[in-house]
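Here is a short note for a colleague meeting this structure for the first time. Please keep the model open while reading the points below.

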Amino acid sequence: MRDTLLIALFAFLGAAAAGVLGACVLLLIRRRSLIAHLTVVAGVGVTAMLAGTLAVAQAMFLSGHDLSVVTTVVAMAAVVSLATALLLGRWVAARSHALALAARSFGDGGDFTSPDGPATAELAAVSRELEATSARLAESRERERALETSRRELVAWISHDLRTPLAGMRAMAEALEDGVADDPGRYLKQIRMEVERLNGMVGDLFELSRIHAGTLTLSLARMSLYDLVGDALSGADALAREHGVRLVGEQVEGVPVQVDGKEMSRVLGNLLVNAIRRTPADGTVAVTAARSPDGVVLSVTDGCGGIPEEDLPRVFDTGWRGTHARTPPAGAGLGLAIVRGIVEAHQGRATVRNVPGGCRFEVVLPAAAS
């Protein structure tokens with residue numbers, strides 16, 4: 001038993017010395033290729049065995065013949081181990097190089113495609129992560145292109161909508177200044193109307209900028225959806241009468257919600273104004289509000305005749321105005337974008353779908369806690 005412990009001790013000391021030497025070498029070549037690291041690891045294993053054997057032989061536990069035999073066996077093992085390490089290192093290095101070449105497609109705006117052929121579990125995991133990242137980057141690029149298109153359209157439309165009233169106001173102001181206006185009161189009234197319209201556009205732009213910047217601050221309070229809808233219908237009644245449109249709000253439940261009353265009134269006002277302006281005379285705009293498994297659903301249904309299916313995904317985009325893009329009543333195309341921003345700030349969602357004779361805008365809000 002004592003001899004066995006001594007053999008184990010000398011073998012451990014010899015192997016430990018080889019291990020320490022190998023660790024130092026690995027530290028020195030830590031920036032080198034994987035092939036060099038695998039070669040060192042294989043060499044450390046063989047060297048540790050040889051060092052332990054020599055330590056035991058030095059302690060006179062092995063005869064000269066036995067030492068020669070063991071040394072020969074260890075040498076053959078070293079050759080095989082080094083050859084295997086070199087082959088493995090070259091294969092892993094080749095797979096890593098192929099993976100690096102495939103990853104360069106990110107910089108060129110392309111999609112990542114994993115190299116063909118088998119790979120280690122770690123390299124396969126890296127490939128899967130790169131594929132997932134590539135998919136997310138593609139979605140991000142698509143969103144960025146859509147946002148850039150919306151920005152360009154918004155700038156063009158806003159420029160058009162600002163230039164037209166400003167030109168008219170300038171002409172009317174010059175007529176008043178020169179004293180050639182037949183009816184100065186009518187001119188002043190028209191100027192005031194244009195100023196109010198421009199003020200509304202500036203207000204929409206400011207609201208949208210706060211939403212996009214994430215600085216929209218909500219003052220949540222518990223209130224009845226019945227009261228919110230009632231106030232919104234009262235505010236839109238004059239516009240509905242002007243367009244000959246009938247407002248209906250009979251199916252509205254008094255469901256409690258936790259919302260910012262001012263911002264949610266803006267949501268309802270934008271939806272109603274949008275519905276009234278696109279509903280022909282003698283048409284109907286209906287408002288409903290009820291509980292649902294998802295929370296509280298508020299809907300505004302108009303008689304616009306429907307929205308083309310290809311345009312439905314763009315309805316809430318900034319600057320979208322559909323087929324009425326150049327008509328003054330359509331505004332700057334910001335109303336529905338503001339609706340979506342405010343609703344999402346309330347942890348809700350806004351959707352639109354076609355119904356017979358028109359379309360229905362739905363706002364889903366979380367129900368207030370009982």
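1. Start with the buried side of α5. This is a predicted model. The residues of α5 that count as buried are Y187, I191, E194, L198, M201, E207, L208 and I211. These buried residues pack against three helices: α4 (121-178), α7 (261-278) and α8.

2. Now the whole chain. It holds 8 helices and 7 strands. Of its 370 residues, 34% are buried. Take the contacts between residues at least 6 apart in sequence: 70% of them join residues at least 24 apart.

3. How far does α5 reach from its first C-alpha to its last? The span is 43 Å for 30 residues, close to the 44 Å expected at 1.5 Å a residue. The helix covers residues 184-213. Just after α5 comes G214, with a positive phi of about 75 degrees.

4. Look next at α5 against α8. Two packed helices are described by the angle between their axes and the distance between the axes. Here the angle is about 35 degrees, and the axes of α5 and α8 (residues 335-345) are 10 Å apart. The crossing of α5 past α8 is left-handed.

5. Which residues make this contact? From α5 come D204, E207, L208 and I211. From α8 come A337, I338, G341 and I342. By type, the contact of α5 with α8 has 5 nonpolar, 1 polar and 2 charged residues. Three of the α5 residues named here, E207, L208 and I211, are also among the buried residues of that helix.

6. Turn to α7. It has 18 residues and spans 26 Å between its first and last C-alpha atoms, close to the 26 Å expected at 1.5 Å a residue. Its buried residues are G261, E263, M264, V267, L268, N270, L271, L272, N274, A275 and I276.

7. A polar atom of the H346 side chain lies 3.0 Å from the backbone nitrogen of D260. H346 sits in the loop between α8 and β6. Is H346 buried or exposed? Its relative accessibility is 8%, so it counts as buried; the cut-off for buried is under 20%.

8. The surroundings of H346 deserve a look. Setting aside neighbours within four places in sequence, H346 is in contact with L218, L220, Q258, V259, D260, E263, M264, L365 and P366. Two of these, E263 and M264, are among the buried residues of α7.

9. Q347 lies in the loop between α8 and β6 (349-355). Q347 is exposed, because its relative accessible area is 66% and exposed means over 50%. Most residues other than glycine have a negative phi. Q347 is not a glycine, yet its phi is positive, at about 65 degrees.

10. D282 is exposed, with a relative accessible area of 75%.

11. T279 is in the loop between α7 and β4 (284-292). T279 counts as buried, because its relative accessibility is 5%. The T279 side chain reaches the backbone nitrogen of G303 at 3.1 Å. Beyond neighbours within four places in sequence, T279 is in contact with V245, T284, V285, D302, G303 and C304.

12. A98 belongs to α3 (residues 64-103). Its relative accessibility is 26%, so A98 counts as partly exposed. A98 and P115 are 17 residues apart along the chain, and their C-alpha atoms are separated by 6.3 Å. A138 is in α4. A138 is partly exposed too, with a relative accessible area of 29%. A138 and D111 are 27 residues apart along the chain, with 7.4 Å between their C-alpha atoms.

Methods. Residues are numbered from 1 along each chain as its sequence is written. This is a predicted model: local features need pLDDT of at least 70, side-chain atom pairs count only at pLDDT 80 or more; totals for chains, interfaces and linings use all residues. Side-chain values use heavy atoms; hydrogens and water are left out. Axes are lines fitted to C-alpha atoms, for helices over the stretch in contact, and angles run from 0 to 180 degrees between N-to-C directions. Helices (H or I, at least four residues) and strands (E, at least two) are DSSP runs, numbered from the N terminus. A crossing is left-handed if the near helix is turned anticlockwise from the far one by less than a right angle, and right-handed if clockwise. Contact means heavy atoms within 4.5 Å. Ala, Val, Leu, Ile, Met, Phe, Trp, Tyr, Cys and Pro count as nonpolar, Asp, Glu, Lys and Arg as charged, and the others, Gly among them, as polar. The expected span of a helix is 1.5 Å times one less than its number of residues. Buried means under 20% relative accessible area, exposed over 50%, partly exposed in between (1.4 Å probe, protein chains only). A polar contact is a pair of N or O atoms within 3.5 Å; within protein, one must be able to donate a hydrogen and the other to accept it, and residues adjacent in sequence count only if both atoms are side-chain atoms.
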